[in-house]
Structures are given as C-alpha cells and as structure tokens.
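These are my notebook entries on a few places looked up in the structure. Each entry takes up one topic.

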Amino acid sequence: MATEVPPKKTPEQKERRRVPSLVLVHTGNGKGKSSSAFGVVIRSVARSWNVAVIQFLKSGNWNTGEERVCREKLGVDWWAIGEGFSWESEDLSKDEAVAQVAWAHAKNCISSGEYQLVVLDEVTYPANWGWISKEELVSEVIGRPKQTNIVITGRDAPAEFVEIADTVTEMRNVKHAYERGIVAKKGIDY
Ligand code: ATP
Ligand code: MG
C-alpha cells in the first residue's frame, strides 16, 4: 500500500517576474558540475546566444569531448589553460600567473557585453587559493552587462559567490567509480 499521497493543495504562488540574466553556481564534491554547465551551454546555443567558456584548470584529459564539440560544432569561444593540475606542477607561481591571464580574459568576455553566457569553469579553485581576487570576481559579476548570464563551477564555492548567485546547486557525492579505482571514461567523464 502506498504510504504517500499526492498533494491536494496547490502550492502558494509567489509573484513571478522575469530577469534579464541569472548567476548560477555548481559546487560540491559529486560529479556533474561542469557537465551541467555544458548542458546550459547547449541551451544557450539553441537560442543563438554567444557563449564563452573559460576553463581555469585543465583536467588531466586533454582534448575533452566537450571542448571539441563546443569549439568546432557549436561556435563557442573556448579558452582553456594549457597546464596540468597544480599538484603536478613544478612551478606554482607560473600557474598563478596563468590563472590571472584566464581571469583577465574572463573579465573581457563579461564586460564586453558580447556574450549572453559566460561559463567560469573551475574558477572556485584559483579564487580559494588567492590567485584571483574573489572581491573582483564578485564586483565583475554584479556589474555585468544585464543580458550576460554567468555559470560558476568548482568545489567549495566561496560564500561570496553563493551570496550573489540566483541558483546554487551542490552536487553531493553518493558514490563515484573513481573511489573503486575506475579511471575517467571517455564519453562519460570527458
Ligand atoms: P563533470 O565534468 O563530469 O561534470 P565535475 O565538474 O563535477 O565533473 P570535477 O571536480 O571538475 O567534477 O572533476 C573532473 C573530473 O573528475 C571528471 O572526470 C569527473 O568525472 C571526475 N570527478 C567528479 N567528481 C568526482 C569525485 N567525487 N571523485 C572522483 N572523481 C570525480
Ligand atoms: Mg568540473
């Protein structure tokens, strides 16, 4: 026998309004932060929006499927750091400088007003490491052209980013293949 019954009362309706753009944060330890951002990219491209993706960390898997499709098939302006993860790096200060170049590029993309979507993929890491200024990022996002939507991804989103976002999702890790020694899979993970 069913223990739950469908709700009978219509939920209280809030006053609805439209906004010219939104800020999204995808954070948490589970899988799905970047891939969900790329789902939004597809929706944006479908609406003929100009889209920029800036990747602040390069995953171990060079030449990801999403990069190839977004660049070659979808006409997305894709900017990726050509460096490994910081813990593989010999020269941290160089990574820091590269993150700052990525941020300079991201700022241009946002302030140009040419993009209706700008994805700041994995930007929480350089922000948390103090490589780029959280305050500057926050003021750039708040002062963005009104039609520019922003998606921020990465673990441990700083409170300041959560504060300015309209929608924040925490991907909770229930289980991950990696924890059983299964390596990242082409077509699924990259
Ligand atoms: P995806 O790009 O698949 O949406 P993500 O952006 O949420 O993942 P990242 O932290 O950017 O996750 O991780 C990049 C890579 O690590 C991806 O290949 C992803 O599948 C994998 N990954 C994600 N979450 C975990 C986890 N909890 N443990 C181990 N590996 C993970
Ligand atoms: Mg990611």
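**Entry 1: N29**

I located N29 in the loop between β1 and α1 (33–46). I note at the outset that the model is predicted. I then looked up the exposure of N29: the residue is partly exposed, with a relative accessible area of 47%. Leaving aside neighbours within four places in sequence, I found N29 in contact with R155, M171 and N173. I also checked N29 against K185; the two are 156 residues apart in sequence and, C-alpha to C-alpha, 18 Å apart in space.

**Entry 2: the magnesium ion**

I next asked which protein donors the magnesium ion (ligand 2) has. They are S34, through OG, and E122, through OE, lying 2.1 Å from the ion. S34 belongs to helix α1 and E122 to the loop between β4 and α4 (124–128), so this pair ties together parts that are 88 residues apart in sequence. I recorded both S34 and E122 as buried.

**Entry 3: helix α5**

I turned to helix α5 (residues 134–142) and asked which of its residues are buried. They are L137, V138, E140 and V141. These residues cover an arc of only 165 degrees around the axis, which puts them on the same side of α5. On the other side of α5, I noted E135 and I142 as exposed.

I then looked up what the buried residues of α5 pack against: the strands β1 (23–27), β4 (117–121) and β5 (149–153), and the helices α3 (92–112) and α6 (159–164). Finally, I examined the N-terminal end of α5, which S133 caps. A side-chain oxygen of S133 lies 3.3 Å from the backbone nitrogen of E135.

Notes:
Residues are numbered from 1 along each chain as its sequence is written. Chains are lettered from A and ligands numbered from 1 in the order in which they are written. This is a predicted model: local features need pLDDT of at least 70, side-chain atom pairs count only at pLDDT 80 or more; totals for chains, interfaces and linings use all residues. Side-chain values use heavy atoms; hydrogens and water are left out. Buried means under 20% relative accessible area, exposed over 50%, partly exposed in between (1.4 Å probe, protein chains only). Helices (H or I, at least four residues) and strands (E, at least two) are DSSP runs, numbered from the N terminus. The arc is that of the directions from the helix axis to the C-beta atoms. Contact means heavy atoms within 4.5 Å. A polar contact is a pair of N or O atoms within 3.5 Å; within protein, one must be able to donate a hydrogen and the other to accept it, and residues adjacent in sequence count only if both atoms are side-chain atoms. Donors are N, O and S atoms within 2.8 Å of the metal (3.2 Å for Na, K and Ca); water is not among the atoms, so sites may look incomplete.
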